[in-house]
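Open the model in your viewer and keep the selection tool at hand. The tour goes from the whole chain to one residue.

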Amino acid sequence: MAIYMIDAFGNDEQRQRWLPQLCSMEQFASYCLTEPGAGSDASSLATTAKRDGDDYVLNGSKAFISGSGESDVYVVMCRTGGPGPKGISTVVVEKGTPGLSFGKKEKKLGWNTQPTRMVIFEDCRVPVSHRLGEEGQGFNFAMSGLNGGRVNIASCSIGAAAASINIAVEHLKVRKQFGKPLASFQNHQFNLAKMATALQTSRLIVRKAAASIEIYVRTKLLKEPMKLCRW
C-alpha cells in the first residue's frame, strides 16, 4: 500500500529517495490512515500538518498501524486544509524524525508476526518536499492505496483458508467413527466440497481484483472487485 502510493503519486526525486530500499526490503513502510476517532469515517481524521516555511509541523496520532515502530518510512494522511476529504494531504515521515514516537505493542489474537502500535506526532517537523502530490489530494491517494491492501489481505486469507482445508482433510482421513474414517461419510464430503468451491470462487474474485488494479485507468472497473475482496 505505502510503496504503491509513493510509486504512483510521488515525483522522481521521492521515488529515488525511498523506493530502492523499500522494494529490496532493506526497509519497510507503514500506511497511516486510521485514528482513534476516525476509522471507517476516514475523512474525519484529525491529525494536522501546519505549514511553517518549507516544513509541515504534524500533531496528532494514528491507531492500529501495522509495522509501527519497526518500519522505516510512514506514509501519513493528515489535514492540511479544512474539514472533509478535500482537506487531507499525504506526507512521508521517516523513522527517527524528531517528534515521531510510537505507542505500546498491541495484544492481538492473531497476525502477531507484524507489530501493531499507535504512531504519535508531537510537533513533528517534515519537509514540504515529502508531500506526495498536491495539498488536498491525500484522501484520494489513501483510497487508491487501500485497493491494493484489500487484495493483499484477501490473498493472505485465501492462503489461510487453503491450509485449513488441507488440515481438515488430513483429520478426516485419520479420525475414525463407527469403524470408518470420517472422510467416508457423505455429509463430511459435502461440507468439504462446499469449502473447496468457496475457496476457488474467492481465489477467482481476488485475481480479478488484482488484474483490475493493473488496468483500472483504462477499464474503470476497479470499484466492484475491491468491494468483493472485503467479504
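A polar contact is a pair of N or O atoms within 3.5 Å; within protein, one must be able to donate a hydrogen and the other to accept it, and residues adjacent in sequence count only if both atoms are side-chain atoms. In this predicted model, two residue pairs meet that rule across the interface of domain 1 and domain 2.

Next, select Met-1, Tyr-4 and Phe-9, which give 50% of the area that domain 1 buries against domain 2. Searching for salt bridges between domain 1 and domain 2 gives a count of zero.

Now move to Thr-47, in the loop between strand E1 (29-32) and strand E2 (48-52). Is Thr-47 buried or exposed? Thr-47 counts as buried because its relative accessibility is 0%, and buried means under 20%.

Show the side chain of Thr-47: a polar contact joins it to the side chain of Glu-35 at 2.7 Å. The Thr-47 side chain also reaches the backbone oxygen of Ser-61, at 3.4 Å. Other residues in contact with Thr-47 include Asn-59, Met-77 and Phe-121. Last, select Ile-120: its C-alpha atom is 9.5 Å from that of Thr-47, though 73 residues separate them along the chain.

How values were computed:
Residues are numbered from 1 along each chain as its sequence is written. This is a predicted model: local features need pLDDT of at least 70, side-chain atom pairs count only at pLDDT 80 or more; totals for chains, interfaces and linings use all residues. Side-chain values use heavy atoms; hydrogens and water are left out. Buried area is the accessible area (1.4 Å probe) that two parts lose on being put together, summed over both. A salt bridge is a side-chain nitrogen of Lys or Arg within 4 Å of a carboxyl oxygen of Asp or Glu. Helices (H or I, at least four residues) and strands (E, at least two) are DSSP runs, numbered from the N terminus. Buried means under 20% relative accessible area, exposed over 50%, partly exposed in between (1.4 Å probe, protein chains only). Contact means heavy atoms within 4.5 Å. Lists of a residue's contacts leave out its neighbours within four places in sequence.
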